[in-house]
Amino acid sequence: MRVGIIGAGHIAEKAAATLGAMSTAECIAIASRSLEKAAAFASRFGIARAYGSYDDLLADPDIDFVYVALPHTLHYGVTRAAIERGKACLVEKAFMACAREAREVLGLARSSGVLVAEAIWSRYLPIQDLAREIIASGALGRPLALRSSLAYNVGSKERILSPALGGGALLDLGVYNLNFVRMFGGAPIASITSHCTKFPTGTDASESIILELENGVLATIDVSATTQGCNISVVAGETGYLVFNDTIHPTKLSLMRKGHLLEKEWEMPFEINGFEYEFEACRKALLTGALELPQMPHEEIVLVMELMDSLRRSWGVTFPCD
Ligand SMILES: NC(=O)c1ccc[n+]([C@@H]2O[C@H](COP(=O)([O-])OP(=O)(O)OC[C@H]3O[C@@H](n4cnc5c(N)ncnc54)[C@H](OP(=O)(O)O)[C@@H]3O)[C@@H](O)[C@H]2O)c1
C-alpha cells in the first residue's frame, strides 16, 4: 500500500514512524502547506516525495492511499478532494467537524466506490476482541456500568482552542470515550446528560457525560483538555470489573474482584506502536475491495458524529460547519 500523508504535524510524525516500520505499507509522499516543511519531514522519515501543497500530493498517480492528519475542520475538503481523485482515505479522528460533513463525505465515497475509514486507533487494536471475549464469557457477571476517563493537558494548542479548527476536548479526546461506550455498552443509547466547562475562546475544555443505554447499562465519561488524567476505562459487572490500562491504546486488561483483588491479567503489547493495526485493516480492505472497515463501519462513524453534534449543541459549542 503506497501511502501519502497530508499535513506534516504532530500525529503525522507518529504515522510516518509506523509506516516506516511496516513491511506491508510504505509512505511514499508527504504534503505540507510549506514545501520546506514537507522536505524536512521527508528527510527525517526517509520519504521519497515532498509536496508543498495538499493538491499536488493528491495528483500523484502512484499514491493509492491518503492519510489525512489535519485539524478537524480541514478533514472535509481534503477528504472530498481525495475521493474525487479515487484515492482511498484514512482520516484522523474526529472524522469530520460535524455529522452533516460525515454523511456527505461517506455518501460520496460510497457512490465513487472508494474506501474511506476513520483513524480512531482504539477500535483496531486486537486487545479489544480479547476484552469482548472476556466480557461475553461471563467473567464479570452481567455488565452494568462503564467508566471511561481521558485527560491530556493540551489546552494551549491552537487546534484545541480554535472553533474555526473544530477545537475542544470532545472531538479531540471524548471521541475515544464515546467509542468505548459504543464498543462495550451492548445496546443503543437511551438518554444523555452532560456538563462542560469552556475555554475563553468558546471550545469545550472539560466535560462529564452520563449515558443510559437501552439495556440498563450506565456509562460515565470524564474528559479534559486541561489536566493530565489517569486515562483508564472500566467495564463493571455484578461479580467483577475489567480494567483497560489505557482508554486510547490499551495493552493490558485486568480482571478485578471485590476488594480490588486482581484475579487475572492479559497483556498484548503492540507490534510497532499501535498505529499499525488501522493501516493494516485498510490494506486488507483494499485487497478485498471493501469500502468500509468492520471495526468502524460508516454507520458507526456517523452515529458518533451525531452524538458529538448533540453534545456540542447542548453546550453552545459551535463550529463554522454548524
Ligand atoms: N490518533 C491519535 O492518537 C491522535 C493524536 C493527536 C491528534 N490526532 C488527530 O490528528 C489530527 C491532527 O492533529 P495534530 O495533533 O497532528 O495537529 P497539528 O500538529 O496541530 O496539525 C496538523 C497539521 O495540520 C496542518 N494544517 C493545515 N492548516 C492548518 C491550520 N490552519 N492550523 C494548524 N494546522 C494546519 C499543518 O500541517 P502543514 O503545515 O504541514 O500543512 C499541521 O502541522 C486531528 O484530527 C487530531 O484529532 C490523533
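Strand β7 (residues 143–151) and strand β10 run parallel and are joined by seven bridges. In this pairing, S148 lies opposite I221 of β10. Strands are here DSSP runs of E with at least two residues, helices are DSSP runs of H or I with at least four residues, and both are numbered from the N terminus. Two strands are taken to pair if DSSP finds at least two bridges between them. The structure is a predicted model, in which local features need pLDDT of at least 70 and side-chain atom pairs count only at pLDDT 80 or more, whereas totals for chains, interfaces and linings use all residues. Residues are numbered from 1 along each chain as its sequence is written.

The strands β7 and β10 belong to an open sheet of eight strands with mixed pairing, ordered β8-β9-β10-β7-β11-β12-β13-β14. Its edges are formed by β8 (189–198) and β14 (261–267), each of which pairs on one side only. On average, neighbouring strands of the sheet are turned by 15° against each other, direction ignored; the axes are lines fitted to C-alpha atoms, for helices over the stretch in contact, and angles run from 0 to 180 degrees between N-to-C directions. In a regular strand, side chains alternate between the two faces of the sheet.

Antiparallel pairing is found between β8 and β9, over nine bridges. Within this pair, H195 is placed opposite S208 in β9. The hairpin of β8 and β9 has five residues between the strands, and G202 in this hairpin adopts a positive phi near 105°. Strand β9 (residues 204–213) also pairs with β10 (residues 218–224) in the antiparallel sense, over seven bridges. Here E207 has V223 of β10 as its bridge partner, and E212 has L218 of β10. Four residues separate the strands in the hairpin of β9 and β10, where G216 takes a positive phi near 90°.

The burial classes are defined by the number of other C-beta atoms, placed from the backbone, within 10 Å of a residue's own: buried for 20 or more, exposed for 12 or fewer, and partly exposed in between. The C-alpha atoms of I192 and C321 are separated by 23 Å, the two residues being 129 residues apart along the chain.

Backbone geometry was also examined in the loops. N231 has a positive phi of about 55° although it is not a glycine, and it is located in the loop between β10 and β11 (233–237). With 20 other C-beta atoms within 10 Å, N231 is buried. H260, likewise a residue other than glycine, has a positive phi near 60°. The loop between β13 (252–257) and β14 contains H260, which is exposed, with 8 other C-beta atoms within 10 Å. A cis peptide bond connects K93 to A94, with omega near -20°. A94 is placed in the loop between β5 (88–92) and α5 (99–112).

The largest nonpolar core comprises 104 residues, and those with the most contacts inside it are I5, I6, I30 and V175. Helix α8 (residues 169–184) makes the greatest contribution to this core, with ten residues. The core lies between domain 1 (2–121 + 275–297) and domain 2 (126–269), because both give residues to it. A nonpolar core is a set of buried Ala, Val, Leu, Ile, Met, Phe, Trp, Tyr and Cys residues joined through C-beta atoms within 7 Å, and the domain bounds come from an automatic or database domain assignment.

Around the ligand there are 22 residues, of which A8, G9, I11, S32 and E92 come nearest; a residue is counted as near if its C-beta atom, placed from the backbone, lies within 6 Å. Helix α1 (residues 10–21) supplies the largest share of this shell, three residues. Domain 1 and domain 2 each contribute at least three residues to the shell. By class, the shell has ten nonpolar, six polar and six charged residues, where Ala, Val, Leu, Ile, Met, Phe, Trp, Tyr, Cys and Pro count as nonpolar, Asp, Glu, Lys and Arg as charged, and the others, Gly among them, as polar.
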